[in-house]
Amino acid sequence: MAQIHPQRFVADVVVTCDAVNTVYAPGIVDVEDGKIQWVGPKGDAPEANSVFEENDVGGLLMPGLVNTHCHTPMTLVRGVGDGLPLQKWLTEAMWPREGLMTSEDVWWGMTLGSAEMLERGVTTSCEMYLFEEAIIDAVQQTGARLVMTPVVISESGRSLRKYIKDLTELYEDHHNPTGRTTIGVAAHSAYNLGINPVAELAGLARSLDTIFHLHLAETQQESADLERQFGQSITQILYNHGVLDGQVLAAHSVWVDQADIDLMAETGVAVAHCPVSNMKLGSGIAPLLDLRAAGVTVGYGTDGPASNDSLDLWEEVKIAPLLARVRALDSTAVTAAETLAMATREGASALGLHNTGSLIAGNVADIIRIDLNQSTFVPVTSPDELIAHLAWSGSNRLVTDVWVAGRQVVVDGGVQTVDTERAQAQVQERAFRLAG
Ligand SMILES: [Zn+2]
């Protein structure tokens, strides 16, 4: 990669999404070697060293969004089986097609989806899928940030022994917390694999000191057999088997009661909240307020593009608080600043990434620019209103430019690292083959 000059970004507004939601208007972000060196109000900026390139970007800068739960290569099956009941959708529409997918299919599906996310201001995604090498390679090309958690699923035919060997090698080759890729461990779910394999995989994640990603309590019925057998909720069963120790990322967590939530809080489980997917698949409403009140870290996920069907995290930014408010009949539940935090720094923290998700000195420069010359951002009489505009009337259409680790990957709304037309044609053609 070409050497990037140190840059000083001058913006009308900098929304840092730091712990106290600081806003600077106008603000400056200094970036060197892919990292933020300084951020603050324009008037207080240190003397710019002559090697800094001044970049007067105007508009609003904020951290890139973080998608904490995704199966992005499912761009290849977007829209398939729409309206089928969940079990039929999986067994008749998804799995037969996924069974035909090759590594090259997944590379193209990931490339297209990664470009879609970057253009919408999503700079990081946590992927749970097969063909991990193809996914890592695709995202190296697109320039996004990736947390790769290759999935163990009973239908894959890969034995647990083989997986553990492969995953350990993958971790050694690609886990790079100072670069753009980290590796975690994933089990599809306890209902798919059984408790003991899940416990073993959770142990693997702990031994590698990385995240353990699984689907937990997405639908009411999925774990009914296990729950009958053990006489406990699925969350309690996993807790009793030590699965929740370590850095656990539980996707969905819709069907968890207060006792479950207390166990999740006690063990530091983070939740990938996927309200749009949960609504589309009729899974239920996750208890977002109870999770947050207990101190559980919550980030947002789109889930796969076949169950959403977009990769546009701005929808979750708005819909998550709306759902929480209508469930609680409380218009004060989940503030604008809180929903932005879940889409940025709290999502990053849920993924074990502690150097992205907010614009603070020392973090990597994962930055997006929002166009403020839009009717939806008028009027602004205080910085709080800007935060409210981002949360309630923000949208992917407002994202003009995107930098990941200081490298610009989206310019004027167009991704620079992917030939999007070619990727669309490839996905289109491959989808026909997968349809049989
Ligand atoms: Zn999922």
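Strands here are DSSP runs (E, at least two residues) and helices are DSSP runs (H or I, at least four residues), numbered from the N terminus. The model is predicted, so local features need pLDDT of at least 70 and side-chain atom pairs count only at pLDDT 80 or more, while totals for chains, interfaces and linings use all residues. Residues are numbered from 1 along each chain as its sequence is written.

**The sheet**

Next select β18 and β19, which pair in the antiparallel sense over 3 bridges. Two strands count as paired if DSSP finds at least two bridges between them. Strands of a sheet pair through backbone hydrogen bonds, either parallel or antiparallel.

Now show the whole sheet. It is open and has 7 strands in the order β3-β2-β7-β17-β18-β19-β20, with mixed pairing. At its edges are β3 (23-24) and β20 (414-415), each of which pairs on one side only. Contact means that the C-beta atoms of two residues, placed from the backbone, lie within 7 Å. Axes are lines fitted to C-alpha atoms, for helices over the stretch in contact, and angles run from 0 to 180 degrees between N-to-C directions.

**The two domains**

Colour residues 7-63 + 363-415 as domain 1 and 65-350 as domain 2. These bounds come from an automatic or database domain assignment. The C-alpha centres of the two domains lie 29 Å apart. Across the boundary, 22 residues of domain 1 are in contact with 22 residues of domain 2. On the domain 1 side, the elements giving two or more residues are α15 (383-393), β18 (399-404) and β19 (407-411). The largest share of that side, 5 residues, comes from α15. By class, the side of domain 1 that touches domain 2 has 15 nonpolar, 5 polar and 2 charged residues. Ala, Val, Leu, Ile, Met, Phe, Trp, Tyr, Cys and Pro count as nonpolar, Asp, Glu, Lys and Arg as charged, and the others, Gly among them, as polar.

Select α4 (residues 160-174) and α6 (residues 195-208), whose axes come within 12 Å and cross at roughly 20°. That makes α4 roughly parallel to α6. Angles under 35 degrees count as roughly parallel, over 145 as roughly antiparallel, 65 to 115 as roughly perpendicular and the rest as oblique. Show the side chains of L160, I164, L167 and Y171 in α4, which meet P197, E200, L204 and L208 in α6. This contact has 7 nonpolar, no polar and 1 charged residues.

Move to α12 (residues 313-328) and α13 (residues 336-343), which pack at about 140° with their axes 9 Å apart. The angle makes α12 oblique to α13. Here L313, E316, V317, A320 and P321 of α12 meet T339, L340, M342 and A343 of α13. By class there are 7 nonpolar, 1 polar and 1 charged residues in the contact of α12 with α13.

Finish with α2 (residues 103-119) and α16 (residues 420-434), packed at an angle of about 135° with axes 9 Å apart. The two are therefore oblique to each other. Among the contact residues are W108 and L112 of α2 and V427 and R430 of α16. The classes for α2 with α16 are 5 nonpolar, 5 polar and 2 charged residues.
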